[in-house]
Amino acid sequence: MAEDFVETLLEEPFRRQVNRDDGHNKDHEHDRGHYRERERDREKDRNQDRERNNKDHNEHRRRNREQEQRRSRSRDRDYIRVKKHDQSREQERSKDCNKKMRINVRDNRERERVEPKGNREKDRNRRSSSRDKRKSPSRERGVSRKRFSGLRGSSPHKEPEVQLSPEERDVRTVFCMQLSARIKPRDLEEFFSAVGKVRDVRLILDNKSHRSKGIAYIEFVEVDSVQLALGLTGTKLLGVPIIVQPSHAERNRLASAAAAAMKSSNSGPMRLYVGSLHYNIDEDMLNTIFSPFGKIDDLKLMKDHQTGRSAGYCFITFHNAEDAKKAMDQMNGYELAGRPMKIGTVTEKSNEENAATVFDIDEMDRYGFGMSATSRLQLMAKLAEGTGMKIPAAAANVLNSSATALPAPASPAIPLPPIATQCFMLSNMFDPNGEKGARWEDELKDDVIDECNKHGGVLHIYIDCTSPQGNIYVKCPSLSAAAASVGALHGRYFDGKLITAAYVPLPNYHQLFPDSQKALQYLMPSTYRPK
């Protein structure tokens, strides 16, 4: 029993703590429930306020619509009332007019029945004359209004204007610049009316924005007003100081006329003089060289009357002047067969002999009029170089004897290529003993093809790997492409070596490379070929 009592005493504090915790939890649950109720009440109040506001807003909008409808009906009623009033007034006016007309007709009938016939005719004549007098001023006014309606601000009594020529109008016109963006022609007219009477104001507008560009032309009636207008430079107009200058319309008109004349001259044919030609060049070669620039109407190679050989110059007529100018710009000074061509235009007043004298007098002194037998043999030997062909022994002896007998001429460091053909040979392109790598031939071939494609393309190429001179043979699709490629490569440096170019006759090239006769497709570098 004592043990139970002791155990009860020991457990009593724990029971109190548990009871206290249970009471605290109950209080907390009660507070939380009370908080939820207050939140629900607040949310309900907010919803009620929101509904009340929406209702007020809708009511306000409804009242506004009703007011607008009432105003619209009121305006319609006013419009109908005014319209009816006007119609009634018009009807009354027409009734009064009809009544007066009936009264006048009745009075006239009574008068005609009572008065004699002679008096009636006199009265009729008197009334018609008075009616004409009353109508004449109005008719004159109508004519004057019609006559002067096209002139702004002009009076009916203005005298007819004198027709001026464009030059006379230019003298009476000034050029005004640095104007405000919001300026109007009326502002300029009022501003310049202080120095003289203004005939016309032309404000220049932008085509897209239709706003003022800040420049204008002002034309005066009197010439003396121009000098007074020039004195207004620096005066502020709408807050901006303006600049007044004389009009340069005369100069602009001359410039436009010159441009029109130039345009018309560019559209017609043009004749060119081509001088300093090699004497073995014929018309077919010239036609091949110049035809890529445009249509040629006429090509005339001048020849010596005694020998029948070429005189070293020709005349080419292009169908379009633009093509002729392009040919003159690109081919003037171009070396053809070792001679730089001299190209110029030929006017109608200059004849062929004068053109040759003007352009070729110095070239005739330099090269002479013909080639000797020794010169022809030297040319043949030059063409045979690198092709494997041999000249006859007698010709070789003549060349050797002439070389020992004559002093060596002062030749340039770079030998010039002879007559242009479709094929050429590039020398000093490589050193067969110094080249390394398994694909140096392909790389060199790609470089040459890539360079020649800039000037017309390549149909055939061959690299002579055993040649100590480092020769490469090239065939182009046309003479112009070959000439352009030779002009671009001759005298250039490649891998530190100076390149020389020499033309090869087409039959000789076909004998050396028979497969080149069937080559019709343009070659491309191997880097561009599909693998």
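Asn428 lies in the loop between strand E13 (423–427) and helix H12 (440–452); helices (H or I, at least four residues) and strands (E, at least two) are DSSP runs, numbered from the N terminus. The model is a predicted one, in which local features need pLDDT of at least 70 and side-chain atom pairs count only at pLDDT 80 or more, while totals for chains, interfaces and linings use all residues. Residues are numbered from 1 along each chain as its sequence is written, and side-chain values use heavy atoms, with hydrogens and water left out.

With a relative accessibility of 30%, Asn428 counts as partly exposed. On this scale buried means under 20% relative accessible area, exposed over 50%, and partly exposed in between (1.4 Å probe, protein chains only). Leaving aside neighbours within four places in sequence, Asn428 is in contact with Gln469, Gly470, Lys497 and Leu498, where contact means heavy atoms within 4.5 Å. The C-alpha atoms of Asn428 and Thr500 are separated by 6.9 Å, although these residues are 72 apart along the chain.

## The sheet around E13

Strand E13 belongs to an open sheet of four strands in the order E14-E15-E13-E18, with antiparallel pairing; two strands pair if DSSP finds at least two bridges between them. Strand E14 (460–463) and strand E18 (500–504) stand at the edges with a single partner strand each, so one side of each has no neighbour in the sheet. Direction ignored, neighbouring strands of this sheet are turned by 20° against each other on average. Axes are lines fitted to C-alpha atoms, for helices over the stretch in contact, and angles run from 0 to 180 degrees between N-to-C directions.

Four bridges join E13 to strand E15 (residues 472–475) in the antiparallel sense. Cys423 has Lys475 of E15 as its bridge partner, and Phe424 stands opposite Val474 in E15. Helix H12 packs on the sheet, touching E13, E14 and E15, and its direction makes about 145° with that of E14. E13 and E18 pair over five bridges, also antiparallel; here the bridge partner of Ser427 is Thr500.

Five of the five residues of E13 are buried, so this strand is largely enclosed by the rest of the structure. Cys423, Met425 and Ser427 point one way from E13, whereas Phe424 and Leu426 point the other way.

## The hairpin of E8 and E9

Strand E8 (residues 296–303) and strand E9 (residues 310–318) run antiparallel and are joined by six bridges. Lys300 has Phe315 in E9 as its bridge partner. Six residues lie between the two strands of this hairpin, in which Gly308 takes a positive phi near 80°.

## Aromatic pairs

The structure holds ten aromatic pairs. Rings of Phe, Tyr and Trp (its six-membered ring) pair if their centres lie within 6.5 Å; planes under 30 degrees apart count as stacked, over 60 as edge-to-face and the rest as tilted. The ring centres of Tyr313 and Phe315 are 5.9 Å apart and the planes stand at 90°, so this pair is edge-to-face. Both Tyr313 and Phe315 are buried.

For Tyr509 and Phe513 the ring centres are 5.0 Å apart and the planes are at 55°, so the pair is tilted. Tyr509 is buried at 0% relative accessible area, and Phe513 is buried at 9%. Ring pairs link Tyr462, Tyr473, Tyr509 and Phe513 into a cluster.

## Helix H4

In helix H4 (residues 185–192) the buried residues are Leu188, Glu189, Phe191 and Phe192. Seen down the axis of H4, these residues fall within an arc of 165°, so they line one face of the helix; the arc is that of the directions from the helix axis to the C-beta atoms. The buried residues of H4 pack against strand E1 (173–177), strand E2 (198–205), strand E3 (212–220), helix H5 (224–230), strand E4 (236–237) and strand E6 (243–246).

## Cysteines

A disulfide is taken as a pair of cysteine sulfur atoms within 2.5 Å, and by this rule the count is zero. Cys452 is in no disulfide, and the nearest cysteine sulfur, that of Cys476, is 5.4 Å away. Cys452 is buried, with a relative accessible area of 0%, whereas Cys97 is partly exposed at 40%.
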